[in-house]
Amino acid sequence: MSPFEQQRDHLAQEMDRAELWPERSPWIRRAVELRPRHDFAPDQLWVWEGHAYTPVERGLDERRWAEVVYGGPYEPTVTQVTVGLASSSLSCCSVVADMLDSLKLEAGHQVLELGTATGWNAALLDHRAGPGRVTSLELDAELAAAARTNLDAAGAQVRVEVADGAAGCPDGAPYDRLIATYAVDRIPWAWVQQVRPGGRIVTPWGRLGHLALTVAEDGASATGWVQGLAMFMPSRTAEPPLAFEQIRRGRAPQHEHIVDRDVRSLTDDPHLRFALRVALPEVRITATGERLLELHDDADSWATLTGPAGDSAGTAAVARQGGPRHLVAEVEDAWDEWLGHGSPELYDYGLTVTDAGRQQYAWAWDRSDGPRWPLPDPEARRPVTEAATATR
């Protein structure tokens, strides 16, 4: 048995043990078996070594290369690094399976995929929908060319075009299904326009979660529920976020106080994390060690939270912050709001897009009379300080 087959079988068994193969969509597992992941991986892959990405070459260490291709169910395979940052990948198998299951794809459906990358996801879509039924858009011309080669070798008849996915592909509309493989903060209205009434849109949303929207019968809106956790790369045209140190710029904290709650929940509880992402979409919370959390608003406000050590008694944390916003207070308010709404899980949230895309809002429990949060307009983004802008 080759290294690829060994690693492929091992990953399939791990997916089995964790019950990650969708029961209602048995075609997904069959497609993954017939169009294996390694057939779409480039000869050079990348692994994060704690401070930078280092290459793994198939020609130098084929076994290691196979291990990187077939990491665990929750491990993506980085296939491209640009200016030190991961810019394309083979998504982790569990999320690929979950998103394809959420798409509710049937044979004969016309499908638009946004973000071709290596072509693997498009090949799986082609297996289900049928030859000539899938159109895939990729902004990177070199990736698009490599994907065409991979798809042709696999016998998949997919149309691959070099284009920005935000505009969709109107000459193939209407589509029965649309799936994006990169994250967006707002749903482009072109996506809703190009999917038929009753059709389905599946996309990663923001920094956490992927959702499935159904286009209304009059085509004037789309709405649907969060389906699960997914951390995808943003669109290549999106402005990259600032790092914490770019916001702080060595400035001393202006405020310091005690937070009398267990701040470890900010990273340990996925449902709270999702609720905070909905309420404060521009605020980033990152764990940088056992006790330290860093917060910033991608503009000019920052904070640190130093929590209790290990399993020590007491949960109080020390908050230090600077800039015009009191981020810790805002997080505490949003946390209390979440508790006041009954601590909805991420699966209790949904999203609605209406009014030609101008109105977009997240909601919990019930889209008609439950709590809702309008999605911010990127055109009205909070101004960034001159010093921070210079470091982008």
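Leaving aside its neighbours within four places in sequence, which residues is L266 in contact with? The legends below cover this residue and its surroundings in a predicted model.

**Figure 1. Contacts of L266 in the predicted model.** Apart from neighbours within four places in sequence, L266 is in contact with L272, R273, L276, I285, L293, L305, V331 and W335.

**Figure 2. Helix 10 packed against helix 11.** Two packed helices are described by an angle between their axes and by the distance between those axes. Helix 10 covers residues 270-279 and helix 11 covers residues 327-340. Their packing angle is about 115°, and the axes are 10 Å apart. The crossing of helix 10 past helix 11 is right-handed. On the helix 10 side, the contact is made by H271, L272, A275, L276 and A279. On the helix 11 side, V331, A334, W335, E337 and W338 take part. Sorted by class, the contact has eight nonpolar residues, one polar residue and one charged residue. Among the residues of this contact, L272 and L276 of helix 10 and V331 and W335 of helix 11 are also in contact with L266.

**Figure 3. S221 and its contacts.** S221 lies in strand 11, which spans residues 221-228. Leaving aside neighbours within four places in sequence, the residues in contact with S221 are W189, V192, T214, V215, A216, V353 and T354. Q6 and S221 are 215 residues apart along the chain, and 46 Å separates their C-alpha atoms.

**Figure 4. The whole protein, as a setting for the close-ups.** The protein contains twelve helices and 19 strands. Its C-alpha atoms fill a box of roughly 60 × 55 × 45 Å along the principal axes. Why does a radius of gyration of 22 Å agree with a compact globule? A compact globule of 392 residues would have a radius of gyration near 21 Å, so the 22 Å of the protein agrees with that value. Of the 392 residues, 49% count as buried. Among contacts between residues at least 6 apart in sequence, 60% join residues at least 24 apart.

Notes:
Residues are numbered from 1 along each chain as its sequence is written. This is a predicted model: local features need pLDDT of at least 70, side-chain atom pairs count only at pLDDT 80 or more; totals for chains, interfaces and linings use all residues. Side-chain values use heavy atoms; hydrogens and water are left out. Axes are lines fitted to C-alpha atoms, for helices over the stretch in contact, and angles run from 0 to 180 degrees between N-to-C directions. Helices (H or I, at least four residues) and strands (E, at least two) are DSSP runs, numbered from the N terminus. A crossing is left-handed if the near helix is turned anticlockwise from the far one by less than a right angle, and right-handed if clockwise. Contact means heavy atoms within 4.5 Å. Ala, Val, Leu, Ile, Met, Phe, Trp, Tyr, Cys and Pro count as nonpolar, Asp, Glu, Lys and Arg as charged, and the others, Gly among them, as polar. The radius of gyration is taken over C-alpha atoms; the globule rule is 2.2 Å times the number of residues to the power 0.38. Buried means under 20% relative accessible area, exposed over 50%, partly exposed in between (1.4 Å probe, protein chains only).
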